[in-house]
Amino acid sequence: MTDTTTEAPDDEVVETDEAREALLEAIGSEFGDAIIETHLVPGRDLWIRIDPAAWADTATYLRNRQRFRFFNWLSAIDWMPSPFGRSMDSEVDKLVGAVDEEEAAEEEEAGTGYAGGATRFQIVARVHNLSTLQGLTLKADIGDADASAESLSIGTWTHEYPGANWHEREVYEMYGISFEGHPGLRKLYLPGDFEGHPLRKDFPLLARIVKPWPGIVDVEPMPELPEKPEPAAAGDTAAEAPADAPSTENPEDTQ
Amino acid sequence: MTAVSDRRQLAYIAAQAADARVNVELEAEGMTLNIGPQHPATHGTLRIVARLDGEQVIEADPIMGYMHRGYEKLAEVRTYPQVTTLINRIDWLGSFANEVPFILAAEQLMDIEAPPRAQHIRTILFEMARIANLTLFLGDMGVQLGAVTPVFYAFRDREHILNQIEAATGGRFHPNFDRIGGLKDDLPAGWVAETKESLGHITKFCNLMDDLLIGNEIFEARTRGIGVVPADVALSYGLSGANVRASGVDWDLRRDNPVGLAYDKVDWKVWTHPDGDSFARYWVRLQEVRESVKIVEQLLDTIPSGPIMAKVPRIIKVPEGEAYVETENPLGVMGYYVVSKGGLNPFRVKIRSASFSNMSITPWLLKGTYVPDVITILASLYFILGDIDR
């Protein structure tokens, strides 16, 4: 079990967060080794990554023993970098500098979020305790690191939180993760014969492939703009930039 | 309150008797009734497949997806400022309110805070979006019960608020006005006085609804004791907003966790109702509009001076991290879980929309109700299909 803590970057920096630490301790003593990693931002939020085998029991414990009665949401994350990049590699994007290869490489090297992750897919859920007004984000890795993407499954939460029913159906169709013990696991939004799992990173966003963003064929040549003098202490902040004077070159503006 | 519990008990006994009668007299296989996809009780296109035994619903299965637009996928290929254009359209009746939690989440990741004036104006527009949204509900509920008049008053008086939203932001329904670090523009001259005047129409409208619907015998008979949601069931289904407050849960994020908004600077009250029925949901929303008017009136008097934008880089790059911010939107709790890997685009955006969770209770809630009550219950839960399908 490894713990990471980042400082809350607020004005009133909360050094310690006793309520959340006590909660973390209580959950730690209940689940022991099943807790893989935690991440605490004092005064703001708590992340716990739990062993997938203990996933269903976590819901029982949190709802009945810790009074996390409010089921907020459940979803998943696909940590694979998108093979399609950001789909912004049109000529216009290169011109405005939106495509930065170094940055894309950095992004690929970036980790797997707060409380870490060892597998491509992760399940994320959030519950609330309304008497202490605490929220808690839970994560669990799905499958082994090299499990096939077709046979992913984890325990259901519907026995404790019936509201998880639709959320799990959504994850099932969008990520192809099945939930053991779910009362009626079928597609939620998509037609029954739809193939593929749209929110997976390797599912292409066809709209972007059919027509490159932002639609280079639609771009009309801009009217010539007069050279604007750079403001003295402009830096690169938008707040200090003066309001744009209307261009007198454009005949439409002067009408 | 005794009258209510008596009435509830009577309704229970009547339902029991009806159960027995239906089961004995009509041993039917059950008939399937399609409600929707086009139905005025659903703000959008929702289909409910109800299996009926006589007039009673045995099983109800909502089918959505007719309006699924895949915003979570689309957000992954857009830069942060571009995302607000999309999310405006989630709950289209309270559009400015959709932008705020996303912007707050991005600000939290970037570690910047909007200046006080921007936070103040954000709160004003947020509450005006709530007024515009809930006003329509207050009138629309009458339509579902056969009273067509209230909705015309609702459209008439909501227009005053929409005009003010348009005057400030340029858009009646899709303002796209919130920016990371502040707001797009300052308020136009004379806006404060005009807005105060428009709020007067809303106060009058609320009183009118009080006279027309609350206390009306038909309205009360059709809503009291119908569609009762106990507090614990509501919470485990993730119901939020007025739906959960109508079940007696005293929880409002505006009071309990006002991140980045100016609710702590004004004096107002969170209303709850112990009954948990359709009437309670209507009543709580009626009081909420009145409270929103109070909030906006107080905020309009105390707008601080100063800039409306913090110092924000021209090209917005969000450092690596994860943030979840939720606010009390007109329909309930709306939150964005934003995962950033650094760079121009969010890596993953999970949109927690209020109606999705509010609606997920319907298979449980509609079981055993009568067909005419299905419409009332759906209307009183108050959902926008764009907020379910995203």
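A:Arg67 sits in the loop between α2 (55–64) and β4 (70–78) of chain A. Helices (H or I, at least four residues) and strands (E, at least two) are DSSP runs, numbered from the N terminus. The model is predicted: local features need pLDDT of at least 70, side-chain atom pairs count only at pLDDT 80 or more, and totals for chains, interfaces and linings use all residues. Residues are numbered from 1 along each chain as its sequence is written, while chains are lettered from A and ligands numbered from 1 in the order in which they are written.

A:Arg67 is not a glycine, yet its phi is positive, about 60°.

B:Asp111 is not a glycine and has a positive phi of about 60°. B:Asp111 lies in the loop between α4 and α5 of chain B. B:Asp111 has 12 C-beta neighbours inside 10 Å, so it counts as exposed.

Two packed helices are described by the angle between their axes and the distance between the axes. Helix α4 (residues 95–110) and helix α5 (residues 116–144) of chain B have axes that come within 7 Å and cross at roughly 135°. That angle is why α4(B) is oblique to α5(B). Axes are lines fitted to C-alpha atoms, for helices over the stretch in contact, and angles run from 0 to 180 degrees between N-to-C directions. Angles under 35 degrees count as roughly parallel, over 145 as roughly antiparallel, 65 to 115 as roughly perpendicular and the rest as oblique.

Which residues meet here? From α4(B) come B:Ser95, B:Phe96, B:Ala97 and B:Val100; from α5(B) come B:Arg122, B:Leu125, B:Phe126, B:Ala129 and B:Arg130. Contact means that the C-beta atoms of two residues, placed from the backbone, lie within 7 Å. The residues of this helix contact comprise six nonpolar, one polar and two charged. Here Ala, Val, Leu, Ile, Met, Phe, Trp, Tyr, Cys and Pro count as nonpolar, Asp, Glu, Lys and Arg as charged, and the others, Gly among them, as polar.

Next comes a sheet. In chain B, three strands form an open, antiparallel sheet in the order β6-β7-β8. Its edge strands, β6 (321–329) and β8 (348–352), each pair on one side only. Strands pair if DSSP finds at least two bridges between them. Strand β7 (residues 332–340) pairs with β8(B) over five bridges. In β8(B), B:Lys350 is the bridge partner of B:Tyr337. Helix α4(B) packs on the sheet, touching β6 and β7 of chain B, and its direction makes about 150° with that of β6(B).

B:Gly181 lies in the loop between β4 (178–179) and β5 (182–183) of chain B. B:Gly181 counts as buried because it has 25 C-beta neighbours inside 10 Å. Beyond its neighbours within four places in sequence, its contacts include B:Glu107, B:Ile112 and B:Met309.

Last, the chains meet. Chain B gives 41 residues to the contact and chain A gives 39 residues. On the chain B side, elements giving two or more residues include β6, β8 and α13 (354–359). That side divides into 16 nonpolar, eleven polar and 14 charged residues.

Methods
A residue is buried if 20 or more other C-beta atoms lie within 10 Å of its own, exposed if 12 or fewer, and partly exposed in between; C-beta atoms are placed from the backbone.
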